[in-house]
Amino acid sequence: MMLFLDRRREGRSGLSRVLRAAALAAGIAIPATLTYTLTREHAQALADAEQRAANTARTLAQHAERTFETVDTYLRAVSSLVGAREVGVPTQALHAALREQFARTRLTNIMVIDRDGQSIVEAVAFPPRPLDVHDRDYFQALRDHSSSGLVVGQPITGRLSNKLLLPVARRIDNPDGSFAGVVQALIDPEAFRGVYDGIDNGPDSAVSLWRVDGTMLVRAPWAPEMIGRNYATGSNYRLHVPIRDERPFWSPATTDAIERVFAFGFLDGYPIYVSAAIARASALAGWHKSAVAQGGVAGGLTAVLVTALLLLARELERRQTADERTRASEARLRASEERLALALDAGSDGLWDCDLATGAAWSSDRWWRMLGYEPGELGSHAHTWRVLLHPEDAPHAERALTEHLEGRAAAYECEHRLRRKDGGWAWVLTRGRVVARGLDGAPLRFVGTQIDISARKAAEGQIAHMARHDALTDLPNRALFQERLAHKLAEVHRYGGSCAVMSLDLDKFKLVNDTLGHPAGDALLREVAERLRSALRVEDTVARLGGDEFAVLLAGADEPVSVGLLAEHLIAAVRAPFPFGDQRMEVGLSVGTALAPIHGLDGEALFKRADLALYRAKAEGRNTHRVYEAAMDEAAAERRTLECDLHRAIEGGELTLHYQPQVTTEGGELVGFEALVRWRHPERGLLPPGAFISLAEETGLILPLGEWVLRAACREAARWERPLKVAVNLSPRQFQQADLPERVLAVLTETSLSPTRLELEVTESVLINDKARALGILRRLKAFGVSISMDDFGTGYSSLATLQAFPFDRIKIDRSFVGNVEESPQAAAIVRAVLGLGRSLGMGVVAEGVETTAQMRFLVSEACDEVQGYLVGKPQPIERFADAVRTGAIAASSGAATAA
């Protein structure tokens, strides 16, 4: 247009036609641009609503899954506690146990229902209030289907509470698999409404909790007339729920025909799903306001611009000549119009206009203020832009500018940084184009926009950092560690040198989580990360791989000795106590190291070998360091094989029990047996506990193994003619189960063994780390009537404090003292002291490991209550002791009589 104005001498009529054409073009271009922009914003608003609905459904599904998982855990515990009740514990004892479970929950009630639908015990009242649920859908489903898991019933109005409740139930089976009844909990919908009411996705939006068959359980906003209705016939359910489709979709609602975007979130393992719905009107409310505002501005601008161009054309037609002053005024008007049009085109935050011949420039007030300057505070010149440009961004910014000025690019567009007045850097997106060229094609005038994109760049940087770093400790994560390891190994392969990979694992970290809670565990992990980072060089890398696992990449490892010293330094740093409020947390650190190139240059293989060395360190006492050796591969393979075999043994009946008798020193009367597990391995033969118990402890298999031993021993003892005791050892890992007393009670109920005939043997280690928690479990066990004995007494460092904290029924003197009473006066003195201590505290004393007549004679002379050992009888299958079980006398007890 400028070029045509410069040639106005060619004739008034030609220029008038050009201006009229420009008015027509402006009248079309501005509305078209506005239509395109609004169309994109409309699509984006709908896409944002879809994402918001999906995020809401996913988050609420996780909340619901945690809620039902917690309730299911309590129902499983109660189901295990109740078992078959033909010979069960008294109803009041069951009520007490139920009440203890209920106290930990936010449920309305927990009840046990018999096979006829009648309540037999409940948590909130004793005796139970009459209640008949035989006609309820969840009771009938559990009664008729033995494979049912957790069942969520139709919302009901409680017959006892008169409140709307959600029933949740599990089946209880008799030992023969027949239906014995159900255990049910009642959930107050307020537990969900409190969360759902806080979600604001706009008017006519809703979130709902559904049963998988299409029955609505909870809704926000609250609509009681909809609760309990089934909507499975609607297309939203039929097309999406059966296939667990979580993708958002637009559809009229089944309930009120309002068009919404729907998203479903399905719970893993439970017949429940969550829906989030956002009304189309709510999703587009912001867009409607923006469209009205932009339409008004664009309409007004179009009218002004078209009117101005038409008036100018008319004026040019009226005038035959014009002086330079009029032409300059017209040029300024056109420049202003071009700036405004470009601003509307790009939606810019700042405008600029540069005379390329002189470098003189004009910048809008907003352009200056986004950098912290007042308008005019710096010179308006192209040189100012180059001075503010970040040195690292200058090459590509200048290159893009040159390409556009030379006509090789249609427009100039570049993201770069400019220095702010406060010294910081602002990321901007600069767009521009040449709007005037000379007759020779040289660019004369350059106009454009500048948008502040600092927030977007910061978000992108944060996302990139989060993708490669651990969220809790801000250490590199596994992906970044492997990337750096691969780079370092490639460097070693190409240029020589060395490096080392250290695999680190915290010892006793789980105990911190179990005793002090996950906030304490998180605080400890952050402090461990800081200590490890402080102990390493800048060129080294420490990463958190997950849980309590860390890894270290040493950039140089020329001397294995120096690597070992560093490992000891890391162990010492982590071993120092960690303060947490008024508590002190203590953990250890085990370290395994593999060296490159000595142990290979493949990253995966090197890391695996570091893990093998770590396992060796843990197996040899923990809190120590080991370097990979080739023999560790064979040991790891052997361990994996043995672990798989042990899994099979527990499930496949390869375990068996041997029993060692316990007799009185006065008269040799048989008082009971200690049950000791053996493994009949199909290839290795009969294995003693020492061959596999430590492996079971490390892998967690000790929990099912220990429960199997307890159940088998109680089942065997229940068949004995005489009421002899049976002693079973408990592992420290079993004490980490909060419901251990209920598990023991469930086994006693299942096997019909009186609690007074069961003796549980524990060592001091179960009390060392969390004495209050362990003592609480022991007291609950003793309240059931179970006897508790301290095993291996005297071998720990807190035996006397432990005896003071808990009234044990019996003390078992460790065989290391009993075996030396003949040769060691000190051992004899210790045994004598323990016997006196037992008499003073009113606790029975059992001497373990009695193998000679002289040892027996000493124990008789010191009035020891009971003995156990090879002199009395070796551990053997119970069939070998059939006569002793029947008569109460054992042949080996003659040694006791002789000693007496």
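In this predicted model, the side chain of Ser 731 makes a polar contact with the side chain of Glu 697, at 2.6 Å. The side chain of Ser 731 also has a polar atom that lies 3.1 Å from the backbone nitrogen of Arg 733. Ser 731 belongs to the loop that runs between strand 27 (725-729) and helix 22 (740-751), and with a relative accessible area of 7% Ser 731 is buried, because buried means under 20% relative accessible area.

Cysteines can be considered next. How many disulfides does a search of the whole structure find? The search finds 0 disulfides.

Turning to the aromatic rings, the count comes to 19 aromatic pairs. One of them joins Phe 249 and Phe 264, whose planes stand at 65°, so the pair is edge-to-face. Phe 249 lies in strand 9 (residues 249-252) and Phe 264 in strand 10 (residues 259-266), so this pair ties together parts that are 15 residues apart in sequence. Phe 249 counts as buried at 11% relative accessibility, and Phe 264 counts as buried at 7%. Another edge-to-face pair is formed by Phe 481 and Phe 607, with 75° between the planes; this pair links distant parts of the chain, since Phe 481 is in helix 14 (residues 478-495) and Phe 607 in helix 18 (residues 603-619), 126 residues apart. Phe 481 and Phe 607 are both buried.

The two pairs are set side by side here.

| Ring pair | Centre to centre | Angle between planes |
|---|---|---|
| Phe 249 and Phe 264 | 5.8 Å | 65° |
| Phe 481 and Phe 607 | 5.9 Å | 75° |

Arginines placed over rings complete the account. Arg 193 lies over the face of Trp 222, at 4.2 Å from the ring centre, while Arg 531 lies over the face of Phe 578, at 3.7 Å from the ring centre.

How values were computed
Residues numbered from 1 in each chain as written. Predicted model: local features only at pLDDT ≥ 70, side-chain atom pairs only at ≥ 80, totals over all residues. Heavy atoms only, no water. Helix = DSSP H or I, 4+ residues; strand = E, 2+ residues; numbered from the N terminus. Buried < 20%, exposed > 50% of the residue type's maximum accessible area, 1.4 Å probe, protein only. Polar contact = N/O pair within 3.5 Å; in protein donor to acceptor, adjacent residues only side chain to side chain. Disulfide = S-S within 2.5 Å. Phe/Tyr/Trp six-rings, centres within 6.5 Å; stacked < 30°, edge-to-face > 60°. Lys NZ or Arg CZ within 6 Å of the ring centre and 35° of its normal.
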